[in-house]
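This report examines selected features of one protein structure. Please keep the sequence and the model in view while reading.

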Amino acid sequence: IQNIILDDKSGIFFIKQSHLMQCFACITGEFRIIITPNDQRKFLEPFKNNVSTINATPILDKVPMEMNFIEIIIRTGNLIYIPYGWHYFIYKSDLSNETVILNCINNTLLNYFG
């Protein structure tokens, strides 16, 4: 269970999904997630411990768009699966309401030897 402390004014540093299965479920409230496929990593490199060292805010705000991404609102009772190798960033647009998310990670031997 995680507490989300980032809002839409925070810097956006994508996390590389490095588990074979990872899901986020919204227990209460709502949160937003931005996901981008693995082929977009060129915009986010370099990474340190699977976290991009580049603030992606200017990249996401560019017109016309250079990076392909999807932004999804996850509400109470919803679940989202993050495919292996994709990149994601989770934040809340409204910090005044309580949001609880469940982070479900499947760790297997393949995570350590893959």
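## Cysteines

The structure, a predicted model, holds zero disulfides; a disulfide is a pair of cysteine sulfur atoms within 2.5 Å. C104 takes part in no disulfide, and the nearest cysteine sulfur, that of C23, is 6.1 Å away.

C26 counts as buried because its relative accessibility is 3%, whereas C104, at 31%, counts as partly exposed. Buried means under 20% relative accessible area, exposed over 50% and partly exposed in between, with a 1.4 Å probe and protein chains only.

## Strand β3 and its partners

Strand β3 (residues 21-28) is joined to strand β10 (residues 100-106) by seven bridges, and the two run antiparallel. Strands are DSSP runs (E, at least two residues), numbered from the N terminus, and two strands pair if DSSP finds at least two bridges between them.

β3 also pairs with strand β8 (residues 79-82), over four bridges in the antiparallel sense. A25 stands opposite L102 in β10, and its bridge partner in β8 is L79.

S52 belongs to strand β6 (residues 51-52) and is buried, because its relative accessibility is 3%. Beyond its neighbours within four places in sequence, S52 is in contact (heavy atoms within 4.5 Å) with F13, F14, L44, P46 and F47.

A polar atom of the S52 side chain lies 2.6 Å from the backbone oxygen of L44. The S52 side chain also reaches the backbone nitrogen of I54 at 3.1 Å.

## Basis of the values

Residues are numbered from 1 along each chain as its sequence is written, and side-chain values use heavy atoms, leaving out hydrogens and water. In this predicted model, local features need pLDDT of at least 70 and side-chain atom pairs count only at pLDDT 80 or more, while totals for chains, interfaces and linings use all residues.

Key:
Polar contact = N/O pair within 3.5 Å; in protein donor to acceptor, adjacent residues only side chain to side chain.
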